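Then let's go through some questions together.

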Amino acid sequence: MELKLVKLSDMTPGQSADIFVMLGLKEQARTRDDKPYYKVTFKDAKRSAVSMIWADHALFSECELNWKAGEFYKLRCRYQENSFGSQIEIDRIRPITEADHQQGFSPDDFYAKTRFNRDEMFEELLRHAQTHISEAPLLRLVVELLTDNATQVKQHSAAAQNHHAFIGGYLEHTLSVVRNAIFLADKYAAYYTEMQPPLSKSLIVAGAILHDIGKLYELALKPDGWQFTAQGRLIGHILIGRDMVREKAATISDLNPNTALHLEHIILSHQNLPEWGSPVSPHTPEAMLVHFADDIDAKFHQVAVHYEARWPAEAEFTNRNNVLKRSFFLGLHDAST
């Protein structure tokens with residue numbers, strides 16, 4: 001019997017269907033009776049679901065010998081939701097074939113991606129650098145770091161989870177931070193014209209562009225999503241980014257040492273507090289503005305995604321399952337209707 005071909009993320013509880021999935025994670029464990037089993041996580045771009053393969057399961061041997069994380073499969077299965085989360089009961093499974101591409105299979109469908117054009121965002125980022133960074137050596141440093149790492153800049157996530165945790169998320173977030181930073185630099189430079197030294201828009205824009213550059217080496221895309229690299233776990237993106245800037249600065253002989261110091265400080269302080277990851281807090285007005293430009297973009301993204309979830313029609317508040325640990329108001333409901 002043919003079943004409807006649907007996406008895992010579109011399945012409803014109790015539904016049986018054929019689906020294309022990626023095997024994200026295969027974990028081996030043992031029961032209290034010391035019998036082996038596998039907890040297998042299948043996913044598409046928007047949902048993950050677990051299948052428990054017990055020792056007496058008809059597919060146990062196939063799972064143990066042949067199923068591999070990162071590979072794609074076609075399943076015939078039944079979808080359920082319970083207190084343990086999303087679950088699927090597998091009836092049939094096979095690896096993807098060439099014929100499946102004719103039915104709509106594409107590997108690109110299994111990772112969340114930015115909704116914006118990455119090439120266009122990258123070009124805009126370069127334009128902002130060329131327009132707003134007036135110091136030629138600083139501009140060279142920024143442009144070379146972007147172009148040297150262009151493929152990763154367009155591909156990378158901004159985080160392992162929480163905000164902009166998808167392909168192109170790094171670029172989407174960085175561009176948004178730069179737009180915020182330009183607005184703040186123009187506003188406060190016009191307000192406070194007697195600051196000495198004057199507010200440096202060049203440093204603000206350079207710092208906004210490069211504040212997260214170390215994330216290109218802090219994170220890597222794995223079958224079960226964006227994960228920290230060994231370098232990311234042991235050093236972290238802030239120090240990785242400072243080192244990238246320092247190494248590039250060493251190749252630019254006419255870069256002002258004071259400018260380089262200010263830029264390093266922006267990167268080191270952009271998360272503001274030690275408990276948020278920064279070894280120092282902002283001690284320059286440029287570093288302070290970059291911190292707030294970054295912070296509001298990351299936090300508002302989290303709020304916006306929370307509001308995009310499907311809440312019950314009668315709900316007046318969301319739940320507190322978000323990074324900010326607060327419920328958000330959805331609106332009053334007329335009890336008489």
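Q: Which residues have the most contacts inside the largest nonpolar core?
A: A nonpolar core is a set of buried Ala, Val, Leu, Ile, Met, Phe, Trp, Tyr and Cys residues joined through side-chain atoms within 4.5 Å. Buried means under 20% relative accessible area, exposed over 50%, and partly exposed in between (1.4 Å probe, protein chains only). The largest such core in this predicted model has 47 residues, and those with the most contacts inside it are Leu141, Val142, Leu146, Ile209, Leu210 and Leu263.

Q: Which element gives the largest share of this core?
A: Helices (H or I, at least four residues) and strands (E, at least two) are DSSP runs, numbered from the N terminus. Those that give two or more residues to the core are α3 (118–132), α4 (136–148), α5 (150–155), α6 (169–191), α7 (201–210), α10 (237–249), α11 (257–269) and α12 (285–308). The largest share, nine residues, comes from α6.

Q: What does Ile209 touch, not counting residues up to four places away in sequence?
A: Contact means heavy atoms within 4.5 Å. By that rule, Ile209 touches Leu125, Ala129, Val142, Leu146, Tyr170, Thr174 and Val178.

Q: How are the residues numbered, and what pLDDT do local features need?
A: Residues are numbered from 1 along each chain as its sequence is written, and side-chain values use heavy atoms, with hydrogens and water left out. As this is a predicted model, side-chain atom pairs count only at pLDDT 80 or more, totals for chains, interfaces and linings use all residues, and local features need pLDDT of at least 70.

Q: Which elements do the buried residues of α4 pack against?
A: The end C-alpha atoms of α4 are 18 Å apart, which agrees with the 18 Å that its 13 residues should span at 1.5 Å a residue (the expected span is 1.5 Å times one less than the number of residues). Its buried residues are Pro137, Leu138, Leu141, Val142, Val143, Leu145 and Leu146. They pack against α3, α5, α7, α10 and α11.

Q: Is Leu59 buried or exposed?
A: Leu59 is found in the loop between β4 (48–54) and α1 (60–66). Leaving aside neighbours within four places in sequence, Leu59 is in contact with Ile53, Trp67, Ile90 and Ile93. Because its relative accessibility is 12%, Leu59 counts as buried.

Q: How far apart are the C-alpha atoms of Leu59 and Ile93?
A: Along the chain, Leu59 and Ile93 are 34 residues apart.

Q: Where does Pro197 lie, and what is the peptide bond from Gln196?
A: Most peptide bonds are trans. Pro197 lies in the loop between α6 and α7. The bond from Gln196 to Pro197 has omega near -5°, and it is cis.

Q: Is Asp34 buried, partly exposed or exposed?
A: Asp34 lies in the loop between β2 (16–30) and β3 (36–43). Its phi is positive, about 65°, although Asp34 is not a glycine. With a relative accessible area of 49%, Asp34 is partly exposed.

Q: Is His164 buried or exposed?
A: The place of His164 is in the loop between α5 and α6. Phi of His164 is near 50°, a positive value in a residue other than glycine. At 3% relative accessibility, His164 counts as buried.
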